[in-house]
Amino acid sequence: MDYPAPAPAGATPWRRATLIAAAVAVVELAVIVVAGVAIFGKTVAKHVEKAAVAHVYAPAKTTATPLGAPAGLAHLPRSQTVVTVLNGGAISGAAATKAQAVRSLGYMVGQVGNSPHHALRTVVQYRPGYRAEAARLARDLHLTAVSPLDGLKKSDLLGAQVALILGT
C-alpha cells in the first residue's frame with residue numbers, strides 16, 4: 001500500500017519566493033516595454049508613416065490591358081464560347097429575347113437571368129483570358145462596351161467565358 005508522504009513544514013517558503021520573483025520580473029518587463037516605447041516610439045511611428053505614405057502614393061501595379069489595345073484572335077469558336085445573358089435593365093424578358101439572338105449567332109448560351117446590379121449600358125464582360133471572345137461577341141451584336149468582370153465574380157458565370165449584361 002502506498003501512503004502519501006507528509007509535506008514538510010519548509011515546503012511553502014520556496015513557493016512564496018517564486019511568486020515574488022515572478023512579480024518582480026513582470027514589473028521589470030513592464031518598465032522595459034514602457035521605456036522602449038518612450039524611446040523608440042516616435043522613430044518607429046515616423047518610419048511606419050513614411051512607408052504607408054509611400055505605399056499609398058506608389059504607382060498602381062496592374063496587368064490590365066489598355067482600352068485601345070487590339071483584342072487579338074479568339075481561341076474558342078463561337079460554338080464553344082459560353083455566354084451568360086443577364087438583364088440589368090427594367091424590361092422584363094429582355095435577357096431571354098437577347099439570349100435567343102446570341103444563340104442564333106452560333107454561341108452557346110449558359111445562364112439567362114437577372115443581373116445582381118443595375119446596368120445603365122449594355123456591356124460584354126469577360127473572364128481573364130477571354131477578351132478576344134468578348135470583343136468578337138460585341139462586334140457580332142454591334143456593341144462597343146467590353147470590359148473585364150466588374151461587379152460579377154467568376155463563379156457567377158457558372159463556367160461561361162463571357163457575360164452579356166443588358167442595360168436600360
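Predicted model: local features only at pLDDT ≥ 70, side-chain atom pairs only at ≥ 80, totals over all residues.

Because 6 of the 6 residues of β1 are buried, the strand is largely enclosed by the rest of the structure.

Residues are numbered from 1 along each chain as its sequence is written, and side-chain values use heavy atoms, with hydrogens and water left out. The mean pLDDT of the chain, where pLDDT is the predictor's confidence in each residue from 0 to 100, is 86, and 87% of the residues reach 70 or more.

The secondary structure of the chain comes to 3 helices and 5 strands, arranged from the N terminus on as α-β-α-β-β-α-β-β; helices (H or I, at least four residues) and strands (E, at least two) are DSSP runs numbered from the N terminus. An open sheet of 5 strands takes the order β2-β1-β5-β3-β4, with mixed pairing, two strands being paired if DSSP finds at least two bridges between them. β2 (108–114) and β4 stand at the edges, each with a single partner strand, so one side of each is left without a neighbour in the sheet. From one strand to the next, the twist averages 25°.

Within this sheet, β1 runs parallel to β2, to which 5 bridges join it, and β1 also pairs with β5 in the parallel sense over 5 bridges. Val85 has Val112 as its bridge partner in β2 and stands opposite Leu164 in β5, while the bridge partner of Asn87 in β5 is Leu166.

Helix α3 (residues 131–140) lies across β1, β3, β4 and β5, and runs at about 160° to β3, where axes are lines fitted to C-alpha atoms, for helices over the stretch in contact, and angles run from 0 to 180 degrees between N-to-C directions. The helix is mostly covered, with 8 of its 10 residues buried, among them Arg131, Glu133 and Arg136. The cover over these buried residues includes α2 (94–104) as well as β1 (82–87), β3 (123–126), β4 (146–148) and β5 (162–166).

His142, in the loop between α3 and β4, has a phi near 60°, a positive value in a residue other than glycine, and His142 is exposed, with a relative accessible area of 73%. Leu158, in the loop between β4 and β5, likewise has a positive phi, of about 50°, although it is not a glycine, and at 65% relative accessibility Leu158 counts as exposed.

Key: Buried < 20%, exposed > 50% of the residue type's maximum accessible area, 1.4 Å probe, protein only. Contact = heavy atoms within 4.5 Å.
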